[in-house]
Amino acid sequence: MSLDQYLPVLLFILVGLAVGVLPQVIGYVLGPNRPDAAKNSPYECGFEAFEDARMKFDVRYYLVAILFILFDLEIAFLFPWAVALKDVGAVGFWAAMVFIAILVVGFVYEWKKGALDWE
């Protein structure tokens, strides 16, 4: 077994590293460096991080995040169905349409309840 067989793998690794590292290095070298208090402050979850730990905070941020994850995961179930659409036939197609209809009903319910409104 010669080393010539490993050349494509080595090239793949080198190109992957270059694509991942080179833009970061270029941005660090050529990018402007003008820090201020707003840029250096940590931001995680929709409210100020440096306040009393026992303060009341708005849970709508988390509600919207959970709803996004919920619908995002449910939509992810459609990708295998789309790939195998020819194999599942009409029964599989209509089963997916029922699934999508349930998703739409849930989405409309949340919309009407105001779960997606941000004040």
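## The buried residues of α5

The buried residues of helix α5 are Gly92, Ala96, Leu103 and Glu110, where buried means under 20% relative accessible area, exposed over 50%, and partly exposed in between (1.4 Å probe, protein chains only). These residues pack against α3 and α4. Helices here are DSSP runs of H or I with at least four residues, strands are runs of E with at least two, and both are numbered from the N terminus.

Please keep in mind that this is a predicted model, in which local features need pLDDT of at least 70 and side-chain atom pairs count only at pLDDT 80 or more, while totals for chains, interfaces and linings use all residues. Residues are numbered from 1 along each chain as its sequence is written, and side-chain values use heavy atoms, with hydrogens and water left out.

Glu110 sits in α5, which runs over residues 85-113. Glu110 is buried yet has no salt bridge, and Lys113, the nearest side chain of opposite charge, is 12 Å away. A salt bridge is a side-chain nitrogen of Lys or Arg within 4 Å of a carboxyl oxygen of Asp or Glu; for charge, Lys and Arg count as positive and Asp and Glu as negative, with His and the chain ends not counted.

What does Glu110 touch, leaving aside its neighbours within four places in sequence? Its contacts are Leu67, Leu70, Phe71, Ala115 and Leu116, a contact being heavy atoms within 4.5 Å.

The expected span is 1.5 Å times one less than the number of residues. α5 bends by about 75° at Val91, the bend being the angle between axes fitted to the seven residues ending there and the seven starting there. After α5 comes Gly114, with a positive phi near 85°.

Now look at α1 (residues 7-30): its 24 residues reach 33 Å from first C-alpha to last, close to the expected 34 Å. α1 bends by about 30° at Val21, and Pro23 follows within four residues.

## Links across the sequence

In helix α3 you will find Val64, which counts as partly exposed because its relative accessibility is 29%. The C-alpha atoms of Val64 and Leu116 are separated by 6.3 Å, although these residues are 52 apart along the chain. Ala65 also belongs to α3 and is partly exposed, with a relative accessible area of 32%. From Ala65 to Leu116 there are 51 residues in sequence and 10.0 Å in space, C-alpha to C-alpha.

## The whole chain and its annotation

The protein has 5 helices and 0 strands, in the order α-α-α-α-α. Of its 119 residues, 8% count as buried. Among contacts with a separation of 6 or more, 47% come from residues 24 or more positions apart.

An unreviewed UniProt entry gives the annotation "transmembrane region" to residues 6-30, 61-82 and 88-109. UniProt positions follow the numbering used here, feature names are shortened, and annotations may be inferred rather than shown by experiment. In the model, residues 6-30 are 96% helix and 0% strand, with end C-alpha atoms 35 Å apart. Residues 88-109 are 100% helix and 0% strand, and their end C-alpha atoms lie 30 Å apart.
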